[in-house]
Amino acid sequence: MVKGAKSNKKEPLQAEVNIGLIGHVDAGKTSLVEALTGKWADTHSEELKRGISIRIGYADAVFYKCPKCSMLFSVSEKCPKCKVKGEPVRKVSFVDAPGHETLMTTMLSGAAMMHGAVLVVAANEKCPQAQTIEHLNAIRVLGLKKIVVAQNKIDLVDKKRAMESYREIKTFLEENGCENTPIVPVAAHSKANIDLLIEAIVKTIPRPAFDLSKPVKMYCGRSFDVNKPGTKPAGLKGGVLGGTLIQGKIKLGDRVEIAPGIAGKKIITTIEDISCAGGKLKEARPGGLIALETTLDPSLTQNDQMKGQVVGAVGSLPEPTQVLALEIEFLERQVTETAKEVKTNELLVLTIGTMTTIGMVTEARKKKIKVALRSPAIVEKGQSIAISRKEKMRWRLIAFGRAE
Ligand code: ZN
């Protein structure tokens, strides 16, 4: 081989769609991510044990189709049955949202990065569990309609219970206006029926259509300082922002603004490096989770400090605001009739894109409310905003609002 011929390496394939794994805390979401991707998404349980901040986990997977038997599979390039190389069908990013009830707001901010979702329901538990309802409501409120149900843990129940669980799920979906949602029985631990789940995902959650001609916009879901302790100043890498593009394209060397920025002032930075799970990119487009290395001081991006920020073409993002006018709609079932009212001076948690912020109601007239935000946010007209209220020591999704 000619020396250097290998250096012309192909750029990695960027994922085309982000799929959320949602559902109740014990439904087995993280092991399902493992069965689909071969990787553990950054585990929440570890973080819970250590008592540190709880984050959204990410993992990418390529789905392959076997040219011989047509089976769909992932994790390995080779068909598990025929041992021949599969053809790549689609690359997806999985977003694993925590199911613990106290982490509802984390789940909501993760939902801003999803294009579709797999709702995981455990066959050995009654359906719906509290977070099954809440997660399904949350993603529908935020406009996600492409859903597949994974009826997990079928290896732990007998046939009778499996059928009963299936009927519970079916009824639950019908009651929530999702009667056409496919239900796939799986066992994440023994990897049973994962091929059927992939098939349902590919069919139900198509590649979203993105507008590449619009100015670039990215929701920031995480941020990092990637430098090892003790790195000399000359070797320091700039702050890294993780998230997903909503529209437009971004390339190396682009100057972008980050808003609301710091203390309500936008920041301008330059893109030094772009990467996805498969490696480095020269240019990124929507679909899939990416990381942008910037010229920002890494101390600004450490420990997810930039989560909730929006990255956009310079001058394209609205000015940060602390005053929000919303037309709200309460979620049926979630809220009792008497509680279907927001009162002046009430504190609410608002999820705006990937940002979670507290706001105080300053005006409430039936469905129209005004909220003073504790910290500035980027809000676009018509944007869907999830509204949670503190009930019994936890934040509960009660309504959604449309920004006026
Ligand atoms: Zn095969």
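Strand β8, residues 217–224, and strand β9 pair in the antiparallel sense over seven bridges. Pairing here takes at least two DSSP bridges between two strands. Strands are DSSP runs of E, at least two residues, and helices are runs of H or I, at least four, numbered from the N terminus. This is a predicted model: local features need pLDDT of at least 70, side-chain atom pairs count only at pLDDT 80 or more, and totals for chains, interfaces and linings use all residues. Residues are numbered from 1 along each chain as its sequence is written, and side-chain values use heavy atoms, with hydrogens and water left out.

How many of the eight residues of β9 are buried? Seven are, so the strand is largely enclosed by the rest of the structure. Buried means under 20% relative accessible area; over 50% is exposed, and in between is partly exposed, using a 1.4 Å probe and protein chains only.

T244 sits in β9, which spans residues 240–247. Its relative accessible area is 1%, so T244 is buried. The T244 side chain makes a polar contact with the side chain of N18, at 2.9 Å. A polar contact is a pair of N or O atoms within 3.5 Å; within protein, one must be able to donate a hydrogen and the other to accept it, and residues adjacent in sequence count only if both atoms are side-chain atoms. What else is T244 in contact with, leaving aside neighbours within four places in sequence? The list includes M113, K217, M218, Y219 and G287. Contact means heavy atoms within 4.5 Å.

Next, the barrel. Six strands close it, in the order β17-β20-β19-β18-β21-β22, with antiparallel pairing. Neighbouring strands are turned by 45° against each other on average, direction ignored. β17, residues 321–330, and β22, residues 394–403, run antiparallel and are joined by five bridges. E329 has F400 in β22 as its bridge partner.

Two helices pack on this sheet. α3 touches β18, β19, β21 and β22, and its direction makes about 30° with that of β22. α4 touches β21 and β22, at about 15° to the direction of β22. Axes are lines fitted to C-alpha atoms, for helices over the stretch in contact, and angles run from 0 to 180 degrees between N-to-C directions.

The helices also pack on each other. α3 is residues 104–111, α4 is residues 130–141, the angle is about 35°, and the axes are 10 Å apart. On the α3 side we have M104, M107, L108 and A111; on the α4 side, E134, H135, A138 and I139. Those residues divide into six nonpolar, one polar and one charged.

Last stop, Q383. Q383 lies in the loop between β20, residues 368–377, and β21. Is Q383 buried or exposed? At 12% relative accessibility, Q383 counts as buried. Its side chain reaches the backbone nitrogen of E380 at 2.9 Å. Beyond four places in sequence, Q383 is in contact with residues including Y219, I352, G353 and R402. Y219 is also on the contact list of T244. Finally, Q383 and P260 are 123 residues apart in sequence and 16 Å apart in space, C-alpha to C-alpha.

Definitions and conventions. Nonpolar A, V, L, I, M, F, W, Y, C, P; charged D, E, K, R; others polar.
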